[in-house]
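Please read the report below alongside the sequence and the 3D view.

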Amino acid sequence: MSAKKQASKKKRAGFKKFTLSGSPQPRQLKFFEATQKYVAYGGARGGGKSWALRRKVVLMCLNYPGLSVLIIRRTYPELRENHIRPLKAELAGAAIFTDTRKTFEFPNGSRIKMGYCDSEADVDQYQGQEFDIIALDEATQLTEYQFQTLKGCLRGANSFPKRMYITCNPGGVGHGWVKRLFIDREYRAGEKAEDYTFIPAGIYDNKVLLKYDPDYPERLKSLPPALRDAWLYGKWDAFAGQFFGEFDMALHVTEPFFLTADHTRYCAIDYGLDMLAAVFVALSSDGRAYVYDEVYKSGMIVSEAAKLILEKSAGVYTFIAPSDLWSRQKDSGKSISELFAENGVYLTRISPERVQGWLCLKEWLKPYEENGTRNCKMKIFRNCVNLIRCLPQLLYDPKCAGDAAVHPHEITHAPDALRYFASYRAFYAGSGGDEEKHKKLTDVLKARGAKKI
Ligand SMILES: Nc1ncnc2c1ncn2[C@@H]1O[C@H](COP(=O)(O)OP(=O)(O)OP(=O)(O)O)[C@@H](O)[C@H]1O
Ligand SMILES: [Mg+2]
C-alpha cells in the first residue's frame, strides 16, 4: 500500500458511517438540481434556503472527494449560529472541525472553509485562494465588491464543478447587484445570461417550519409594508432600486496609474463630525475624470480634517464644499468654512442641490460606446475603497423622484462628496473656465490675507 493510501486510511479511522437525516422539499430539490455557474435561491424569509445551502455543499463534498468549498456569511456570529453549530451537529462522525482553520475536513479530502466578510477589507483575505464551490448565505448583505472579489476565487485546476450558490432576501446593501443579475437579468460585458439562474423561495414552501411554527406567516404580515412584501412574499421591487444602476466595477474601477502635472486636481469634501469624506479627482485635458484618492474618517474636528486633507492635496487646484459649511456655528460664531481656512484649506462653495447634482454625476458615470468598446468619462482608482463600496449601495429615495435615499446614512458621505465635484464642474464649465474662476478666487483669498492658496 502506498504511503498516500496509508495516510488516507489512517485519516479515515475514527470516522463512523453516518447518515444525513432529513430530505429536501420540492423547491429545495430544484436548488439541489441546478447546475448553472451562479445559482441563487431567494425570496421570503424562512423559505428553507440556508438549510438547502448547507445540505447541498455537504452532499457535494461527499460526492467529489477532494472538493474545496467556502461558505460565507457577513459576520462571524451569524456564521457560527447559522452554519458552524448546525454543521457540527449534522456532520458529527463525518467531518472534523478545526477551530484555528475554521474548516470542516472530510476523510475523503473534501473541506468546507467557513468565512465571513464583515468589512469591505475582510474579503481581501480570500484573494489568491481557490475554491471549487463558494456558497454566499444572505448574499444581499454583501457588497458587489465582495461578490466580485469572491468570484475571482472560483477556480482550480481540477475537473470538479465550479459554482457559486447564493441565498438571498430582498433588501440590504447587496440588493442592487443580486436583483440585476438574478431578477432583472441585465448583463454586462463578461457576464453570460446562461450562467445565472434564480429559484424563488416562498414561506409556504417550507412545510417543516410551518408545521412547528404555524403563526410565522402571521408575524411577517404584521411588518411594515415594504418589509412585509419583501420578507413574506419575496418581492424584489418592495425596496427602491439601486440609484447608480449604471455603476459597473469592470468599467468604472481602474488600477491606479501615474497622474501627470497636466491633470488638474480637485478635492471635494463632505464634512461632518460623524464622517469626513473627501474625494480627490484629476481631470485630464481630454475631459476625463479620475478619482485617484479619498479620505474617509469619522470623529474628525475641523483642524484634524484639514490636516488629513492637506496630507493628500499635493497639486490640488480647488477644494470644493457645499454651501451649508458657510453657516455660522452658534458656539464659535464662525462657519466651518472659516475654520477650514484657518487650517489652510480654502473652500470653494457650491450649491448642494441634490437632484441636479446627481444628474451631473450620472453624466460622468454614463457608459457609452467608443470604437466598439464600452467606456465612461469617470474612472475610480481601486484604492478608493469607500467610494467604490458606497456608490453601488445608494438606493433611490422613494419619496423624491431623482434623488438618492439618505438611509443608510453611512453610505451617503462618499457619493455626496463626488456629487459636489460633479456640481462644481457643471457650474464652472463653460462659464469663463476654471482657470479664470480660480484666479479670481485666488485674488480674493490673497486680498483677505490668506498665506496658503
Ligand atoms: N428540508 C428540511 N428539513 C428539515 N428542516 C428544514 C428543512 N428546510 C428547512 N428546515 C428548517 O426550517 C427552518 C427555516 O429554514 P432556513 O433557516 O433554511 O430558512 P431561510 O430561508 O434560510 O431563512 P432566512 O431567510 O431567515 O435566512 C430552519 O429551522 C430549518 O432547519
Ligand atoms: Mg437563512
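The buried residues of H6 are His175, Gly176, Trp177, Val178, Lys179, Arg180, Leu181 and Phe182. Here a residue is buried if 20 or more other C-beta atoms lie within 10 Å of its own, exposed if 12 or fewer, and partly exposed in between, with C-beta atoms placed from the backbone. This is a predicted model, in which local features need pLDDT of at least 70, side-chain atom pairs count only at pLDDT 80 or more, and totals for chains, interfaces and linings use all residues. Residues are numbered from 1 along each chain as its sequence is written, while chains are lettered from A and ligands numbered from 1 in the order in which they are written.

Helix H6 spans residues 175–183, and eight of its nine residues are buried, so the helix is mostly covered. Helices (H or I, at least four residues) and strands (E, at least two) are DSSP runs, numbered from the N terminus. The buried residues of H6 pack against strand E1 (38–43), helix H5 (144–151), strand E7 (163–168) and strand E8 (196–201). Two residues are in contact if their C-beta atoms, placed from the backbone, lie within 7 Å. After H6 comes Arg185, which has a positive phi near 50 degrees.

In the protein chain there are 16 helices and 17 strands. The chain has 453 residues, of which 40% count as buried. Among its contacts with a separation of 6 or more, 72% are between residues 24 or more positions apart.

## The open sheet

An open sheet with mixed pairing is formed by eight strands, in the order E3-E4-E5-E2-E6-E7-E1-E8. Two strands pair if DSSP finds at least two bridges between them. Strand E3 (96–98) and E8 are the edge strands, and each pairs on one side only. On average, neighbouring strands of this sheet are turned by 15 degrees against each other, direction ignored. H6 packs on the sheet, where it touches E1, E7 and E8, and its direction makes about 105 degrees with that of E8. Axes are lines fitted to C-alpha atoms, for helices over the stretch in contact, and angles run from 0 to 180 degrees between N-to-C directions. Within the sheet, strand E6 (residues 133–136) runs parallel to E7, and Ile134 stands opposite Met164 in E7.

## Strand pairs

| Pair | Sense | Bridges |
|---|---|---|
| E6 and E7 | parallel | four bridges |
| E10 and E11 | antiparallel | eight bridges |
| E10 and E13 | parallel | four bridges |
| E13 and E14 | parallel | four bridges |

Strand E10 (residues 264–271) is mostly covered, with six of its eight residues buried. A hairpin of four residues links E10 to E11, and Ile269 has Ala278 in E11 as its bridge partner. On E13, Ile320 is the bridge partner of Ala268. Pro322 stands opposite Ile350 in E14. From E13 the chain crosses through helix H12 (residues 336–342) to E14, a β-α-β crossover that is right-handed. A crossover is right-handed if, with the strands pointing away from the viewer, the path from the first strand over the helix to the second runs clockwise.

## Around ligand 1

Which residues are closest to ligand 1? They are Arg45, Gly48, Lys49, Ser50 and Trp51, in a shell of 16 residues. A residue is near a molecule if its C-beta atom, placed from the backbone, lies within 6 Å of it. Helix H3 (49–63) and helix H7 (207–212) are the elements that give two or more residues to this shell. The largest share, three residues, comes from H3.
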